[in-house]
Amino acid sequence: HVLPCGVWLKSDTAASARAADKLKDFRFKLAIFDSTTAYNIFQTEETLSEFLLCVLRELKAHKDWGAVLKPKIKADYHALPRGREIMDLLDGLRAEGRLFSTEWSGSAIAAGQGADLAACYGVNTAGLLAAVFGSRAIHWDASGWKKNPIYRDPGQNMVFSELKDFKQAQGIPLKAPKYRDQI
């Protein structure tokens, strides 16, 4: 059982409709949920960079994909490893009209309901909420918390401890960035 705390569990029909409308012309719609990092926690700036580069490069490669980015905090990734590359990808996709960002205080449920799949960094509440409200969601558990109760279900297909498995989840053929090899 997962109990998200500190979040209103109510769908916002108008916000969901706005997200869906911005993504309506794309064959595949992706919601991207990041999370926080720090030097003394298991989710690091390096793995957040890997996650963002992986998802954004794949989005860029597929011209018929669109995405909404729902950041946990202000989405300024300049300070991350390869932050300039991440920001350039974000800016380019925004300029093409293929990616838009919500406010950090925006509804994760609405972002998820406007998409075909939510790609989540870590096992995070935003992705879990999107799934509770009917969206498909996959999580890259970069910290490898195998004691998470979700891992107890051998048939689960939403939490992955390996980035390569996350990328192939749900039949979405995401390609690996070379980032890990360049560290």
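Let me start with a term: buried means under 20% relative accessible area, exposed means over 50%, and partly exposed is in between, with a 1.4 Å probe and protein chains only. This is a predicted model, where local features need pLDDT of at least 70, side-chain atom pairs count only at pLDDT 80 or more, and totals for chains, interfaces and linings use all residues. Residues are numbered from 1 along each chain as its sequence is written, and side-chain values use heavy atoms, with hydrogens and water left out.

Now, confidence. pLDDT is the predictor's confidence in each residue, from 0 to 100. The protein chain has a mean of 83, and 85% of its residues reach 70 or more. Over residues 173-183, pLDDT is below 50. Where pLDDT is low, the predicted coordinates should not be read in detail.

Next, salt bridges. We call it one when a side-chain nitrogen of Lys or Arg is within 4 Å of a carboxyl oxygen of Asp or Glu. That rule gives ten. Look at arginine 84. It pairs with aspartate 88, closest N and O atoms 3.0 Å apart. Both lie in helix H3, four residues apart, about one turn of the helix. Helices are DSSP runs of H or I, at least four residues, numbered from the N terminus. Aspartate 88 is partly exposed, at 44% relative accessibility. Arginine 84 is partly exposed too, at 43%. Aspartate 91 also bridges to arginine 84, at 3.9 Å. Arg84, Asp88, Asp91 and Arg94 form a linked network.

Last, helix H2. Twelve of its 17 residues are buried, so H2 is largely enclosed by the rest of the structure. Among them are Phe51 and Cys54.

Notes:
Helix = DSSP H or I, 4+ residues; strand = E, 2+ residues; numbered from the N terminus. Contact = heavy atoms within 4.5 Å.
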